Amino acid sequence: MNTTSQRQSPASGATAKLGNRQMSHRMLIDRLFKHLMSIGGISVIVAISAIFFYLASVVVPLFTPPAIEQESQFAAPGAAGQDTAALSSEEQREIGIRVGAAGAISFFSFGTGKVLATHAIKLPEGARVTSYANGERRTYALGFGLSDGRVVLAKQGYQVTYPDNKRLITPSIEYPLGEEPLVIDPQGKAISQLAIQQSEDGSTIVALTDDGRLLVSAVSITNNLMTGEAKSQVEQSEIIMPPADIRRLLVESKQRELYVLHGDRALARYDIGDKSQPRLIETVQLTDASEKVTSLTMLSGGFSIIVGTNRGNLAQWFPVRKESNNFVLTRIRSFEPMQGAVTALAPEFNRKAFIAGDSQGNLGSYFATSNRQLFVKNLATEPLTVLGIPPRGNGYLAQDSGGKVYSAAVHNDHPEVSFSSLWQKVWYESYEAPDYVWQSSAANSDFEPKFSLAPLTYGTVKAAAYAMLISIPLALLGAIFTGYFMTPKMRTIVKPSIEMMGALPTVILGFLAGLWLAPLVENNLAGILLSIVFLPVSMVGSAWLWQLLPEDWRNRVPPGWEAALQLPVVAFMLWLFFQIGHPIEAAFFGGDLPSWFSNELGISYDQRNSLVVGIAMGFAVTPNIFSIAEDAIFSVPKHLTSGSLALGATPWQTLVGVVLLTASPGIFSAVMIGLGRAVGETMIVLMATGNTAVMDFSMFSGFRTLSANIGVEMPEAGVGETHYRLLFLSALVLFAFTFIVNTFAELVRQRMREKYSTI
């Protein structure tokens, strides 16, 4: 016995060593895969985090407050014996301009106040300046009313040269209507109030004389082609019975309307489109009886008026079209008030922004569309009397009543962005009411930015909702039948075929939806609607009729193949609904159902609408939901279904009470994955909708989604601009939406898995 044991020991030892080596190898592989999976998981988290932080890094500057730099103060440059009528700057913010109330103009260094050049308005002998007015800021136009009833129009000019490869800006004063003053009042009375607008198409001058007459003049220049001589022609009229106690005149930039501030708070609006027949349109009270208007200006574009009061309140007014088709001057919004009475206002050259000065020496910066107070800074202990902004809105000039000028550079790149402008209704210029609008570009410089993300987010939800309404019933019911009832041989045909549908490029689906499906739906709308409503009913009815057939007939079809008999039924019913749809349209809807919806119900019909997108996106999303849900149903352990059937449950009872409950985590995951696909879909909605950013849940209207908007507008967005960063904000909203939904879905799935794992 001992000998035998000794002979077997080497073999047993070798086997043990081989087993140990195999186990060690297996454990090594397990550890490697464990570390590999850990690295993969961590890499996914790092990648997602990197995407989030990159998007956030581009978006954060949108909400960064303005930065004020290079602050300086100095005595008012130029003629010390004149009050300051206006402050301004050239585009590069290197040279400032101070316009004296007596016609002296000083160009100075923006940061130091050092005088660089001086000019004096050419005045006739014996005449003096009695009033001053600015034109639209971007025209650089200056107007001077004289004591003899004449007016001088001047214009700032800046010539840029590059001697020795260094930029040199040379300021000058030009006279677009000629150096000879224009006779505005033939009676020669002094001009006490003045308003001007100057453009290449012509100029408008409105003047109030010392004796209370309000004169409107249209000035045009004709050039003699032979001699080159320029002659000015003045068309004049007088406003009969003008208001008393006129304090301010404003002409809007298109030279069609005149605003006259009179008394403490009254504003009269005149139509001066026909300069020979000015007409009073309306008179409104800008404040209540306890307040007085202390300052008034017009925003860039000449449509909105900013009103400041002795209580520091600020408000925006502009004409609004009413049901009578008349425009009525309406108070649109109020801003955060200043601490003291508003003593000065100055608009930006191109944006809907302005600055305000008050009696306590505070300077406030505002943006109208976003209803933001950008900053408030105390500059002096005395009231601010004159304000100016460089053309790019990147600085300010302010002078107090003591003659000291304050200048600074301001980094204020995205003032049009606020919570209200992104997510709430905004009352835009020329709109009849507040609305959600996304409009990122326009053809003129009067454009007011309209960057509401609400309609884009709404369109994203709408697209996903219509796609899921179509795909969830088709995918889940198909998955239930395929995974539980269908014969294995038929399943090997159906499942791969449906999964191959998921490989179709969405650009092909979008192309087909836009060019083939959309016209088909429009031309057969009645048949499409009948199919949506009655096709499921017809399928259930055909299945019921199948059960009524003799048993020997039904036994000729192998079990699990009954669904194949539904294919000709579906094809026939679709053909039938399309055939009877046209007679129904002719009999009840005037032969044109889309027009009937529009004319009778007020429901607009767009050819590329939500119904088309829902069908196309449902076709794209269905394979994903079907494949995952069918796998979950098919993977339910057979012993569970066999045990249920053995206990006397019917197949349908087993399906509802066992199979669906056990597979519910997988089914829920399938739906969430399909939702994520629908939310992020780009090409189908890009090609199959009108891409109109509207807030309308009708299935017959179009929409624009966040993803489609990014795809359309990103190539044309300037890097670093507000539009560019808002597109990244759209991507961040999509990212956050899908992250939150997926996180919530995972929590629900885990709870369902724990709940039904004991079945």
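At what angle do helix α3 and α10 pack, and how far apart are their axes? Let's start there and then walk through the rest of the model.

## Ground rules

This is a predicted model, in which local features need pLDDT of at least 70, side-chain atom pairs count only at pLDDT 80 or more, and totals for chains, interfaces and linings use all residues. Residues are numbered from 1 along each chain as its sequence is written, and side-chain values use heavy atoms, with hydrogens and water left out.

## Two helix pairs

Helix α3 (residues 454-485) packs against α10 at an angle of about 35 degrees, and their axes are 6 Å apart. Axes here are lines fitted to C-alpha atoms, for helices over the stretch in contact, and angles run from 0 to 180 degrees between N-to-C directions. Helices (H or I, at least four residues) and strands (E, at least two) are DSSP runs, numbered from the N terminus. The crossing of α3 and α10 is right-handed; a crossing gets that label if the near helix is turned clockwise from the far one by less than a right angle, and is left-handed if anticlockwise. Sorted by class, the contact of α3 with α10 has 20 nonpolar, eight polar and two charged residues. In this scheme Ala, Val, Leu, Ile, Met, Phe, Trp, Tyr, Cys and Pro are nonpolar, Asp, Glu, Lys and Arg are charged, and the others, Gly among them, are polar.

Next comes the pair formed by helix α11 (residues 638-646) and helix α12 (residues 651-680), whose axes come within 10 Å and cross at roughly 150 degrees. The crossing of α11 and α12 is also right-handed. On the α11 side, the contact (heavy atoms within 4.5 Å) is made by Leu640, Thr641, Ser644 and Leu645, while α12 brings Pro651, Thr654, Val658, Val659 and Thr662. By class, the residues of the contact of α11 with α12 are five nonpolar, four polar and no charged.

## Nonpolar cores

A nonpolar core is a set of buried Ala, Val, Leu, Ile, Met, Phe, Trp, Tyr and Cys residues joined through side-chain atoms within 4.5 Å. Buried means under 20% relative accessible area, exposed over 50%, and partly exposed in between (1.4 Å probe, protein chains only). The largest such core has 74 residues, of which Trp438, Val521, Leu525, Met617, Leu726 and Leu729 touch the most other members. Helix α10 (residues 610-634) supplies the largest share of this core, 12 residues. A second, separate core holds 18 residues, including Ala86, Ala127, Leu142 and Phe144.

Which residues does Leu525 contact, leaving aside its neighbours within four places in sequence? They are Glu585, Leu593, Pro594, Phe597, Tyr605, Leu611 and Phe700.

## Two open sheets

Two strands pair if DSSP finds at least two bridges between them. Five bridges join β4 (residues 104-109) to β5 (residues 115-120), with Phe108 partnered by Val115 and Ala104 by Ala120. These two strands form a hairpin with five residues between them, and Gly113 in the turn has a positive phi of about 85 degrees.

The other open sheet runs β19-β20-β21-β22, with antiparallel pairing. Its edge strands are β19 (293-298) and β22 (327-335), each pairing on one side only, and the twist averages 25 degrees from one strand to the next. β21 (residues 314-321) and β22 pair over eight bridges, and Trp317 has Arg331 as its bridge partner in β22.

## Loop residues worth a look

Met241 is in the loop between β14 (230-239) and β15 (246-251) and is exposed, with a relative accessible area of 75%. Asn371 lies in the loop between β25 (362-367) and β26 (372-378) and is partly exposed at 38% relative accessibility.

Not counting residues up to four places away in sequence, Pro124 touches Leu146, Asp148, Arg150 and Pro181. Pro124 and Met699 are 575 residues apart in sequence and 71 Å apart in space, C-alpha to C-alpha.
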